[in-house]
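User: Please go through the pocket and the salt bridges of this model with me.

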Amino acid sequence: FIDLERGKESLTDIEVLAEHPSQKYTLLKLHPRTGRKHQLRVHCSYLRFPIVGDTKYGVHNRVSTAGKGKPPSKAITTPLCLHAYEVQVGDQTFPVASPPKYFESFFPQLNSILSKHSTSPNVSFDKER
């Protein structure tokens, strides 16, 4: 939660990278300027962009595994969809790792979107993970 009276100041720059055609999901680039515990999760929730899979600050996001022959009760909780694809130290930016494969269920063109918005000139996100 945000404690406006006693809480410490925190700042996050947020950029919209892509919206899913259903407008149910939005891919955000988050740049924390301060380092508070759960800062990104709290800020996204406060702005009504809860992170998929965030059961603490967002809604309980459920992904149904129901299909032919599978009852709807076979629902699983989606892991937290929060991933650092780059880390910046001083003036240098380093690619960290490709996002987990399940991210592509929300944005099938995820790797091409991230490549366009990367600040590292040599970053590449491979399809094999």
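User: Which elements supply at least two residues each to the lining of the largest pocket, and which gives the most?

Analyst: This is a predicted model, in which local features need pLDDT of at least 70 and side-chain atom pairs count only at pLDDT 80 or more, while totals for chains, interfaces and linings use all residues. Residues are numbered from 1 along each chain as its sequence is written, and side-chain values use heavy atoms, with hydrogens and water left out. At least two lining residues each come from β1, β2 (26-32), α1 (39-46), β3 (62-64), β5 (86-89) and α2 (110-117), where helices (H or I, at least four residues) and strands (E, at least two) are DSSP runs numbered from the N terminus. With seven residues, the element that gives the most is β2.

User: How do the residues of the lining of the largest pocket divide into nonpolar, polar and charged?

Analyst: The lining comprises 40 residues, with Leu28, Lys29, Leu30, Leu82 and His83 nearest the pocket centre. Ala, Val, Leu, Ile, Met, Phe, Trp, Tyr, Cys and Pro count as nonpolar, Asp, Glu, Lys and Arg as charged, and the others, Gly among them, as polar. On that basis the lining has 25 nonpolar, eight polar and seven charged residues.

User: Which parts does the pair of Arg33 and Asp13 tie together?

Analyst: Their side chains meet in a salt bridge at 2.6 Å, N to O; the term requires a side-chain nitrogen of Lys or Arg within 4 Å of a carboxyl oxygen of Asp or Glu. Arg33 lies in the loop between β2 and α1 and Asp13 in strand β1, so the pair ties together parts 20 residues apart in sequence. The parts are thus the β2-α1 loop and strand β1.

User: In the salt bridge of Lys101 and Glu104, which residue is buried?

Analyst: The two side chains meet at 3.3 Å, N to O. Lys101 is partly exposed, with a relative accessible area of 48%. At 13%, the buried residue is Glu104.

Key. On a 1 Å grid over the protein atoms alone, a cavity is a set of points where a 1.4 Å probe fits but cannot get out, and a pocket is an open set with protein on both sides within 12 Å along at least five of seven lines; lining residues have an atom within 4 Å of a point. Buried means under 20% relative accessible area, exposed over 50%, partly exposed in between (1.4 Å probe, protein chains only).
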